[in-house]
Amino acid sequence: MPIGPITMFAIYIVVWWVVLFAVLPLGTSAETHEPPTDGSQWGAPKTPNLKRKFITTTWVSLIVWALVMFLVFIGWMPLPDLAPPAL
């Protein structure tokens, strides 16, 4: 069963979000926090480095996505056939 480009893109988007939530806590440290005076949250990091984390998420997602596509194409992780049966 061939996989279309829309399905491949959808799989990449799902992989990207999963990797993002795995990458977000990296680089944060347990700091002693003083009571915030500017209305921010207690647990918010002072330097979240979101641009760097988004770039890291993108290239790690490409690697994971390529591995998933390889497993799909060799048949180790087949995708379900969601097409209605032919009459």
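Here is a short chat about reading helix packing and a nonpolar core in a predicted model.

Me: What should I know about the model before I start?
Reply: It's predicted, so local features need pLDDT of at least 70 and side-chain atom pairs count only at pLDDT 80 or more, while totals for chains, interfaces and linings use all residues. Residues are numbered from 1 along each chain as its sequence is written, and side-chain values use heavy atoms, with hydrogens and water left out.

Me: How do helix 1 and helix 2 cross?
Reply: Two packed helices are described by the angle between their axes and the distance between the axes. Here, the axes of helix 1 (residues 5-23) and helix 2 (residues 50-74) come within 8 Å and cross at roughly 130°. That makes helix 1 oblique to helix 2 (under 35 degrees is roughly parallel, over 145 roughly antiparallel, 65 to 115 roughly perpendicular, the rest oblique).

Me: Which residues make up the largest nonpolar core?
Reply: In soluble globular proteins, nonpolar side chains tend to be buried together. A nonpolar core is a set of buried Ala, Val, Leu, Ile, Met, Phe, Trp, Tyr and Cys residues joined through side-chain atoms within 4.5 Å. The largest one here has eight: Ile3, Ile11, Val15, Val19, Val23, Val68, Met69 and Val72. Its largest share, four residues, comes from helix 1.

Me: Is methionine 77 buried or partly exposed?
Reply: Buried means under 20% relative accessible area, exposed over 50%, partly exposed in between (1.4 Å probe, protein chains only). Methionine 77 has 34% relative accessibility, so it counts as partly exposed. Leaving aside neighbours within four places in sequence, methionine 77 is in contact (heavy atoms within 4.5 Å) with Val68, Leu71 and Val72.

How values were computed
Axes are lines fitted to C-alpha atoms, for helices over the stretch in contact, and angles run from 0 to 180 degrees between N-to-C directions. Helices (H or I, at least four residues) and strands (E, at least two) are DSSP runs, numbered from the N terminus.
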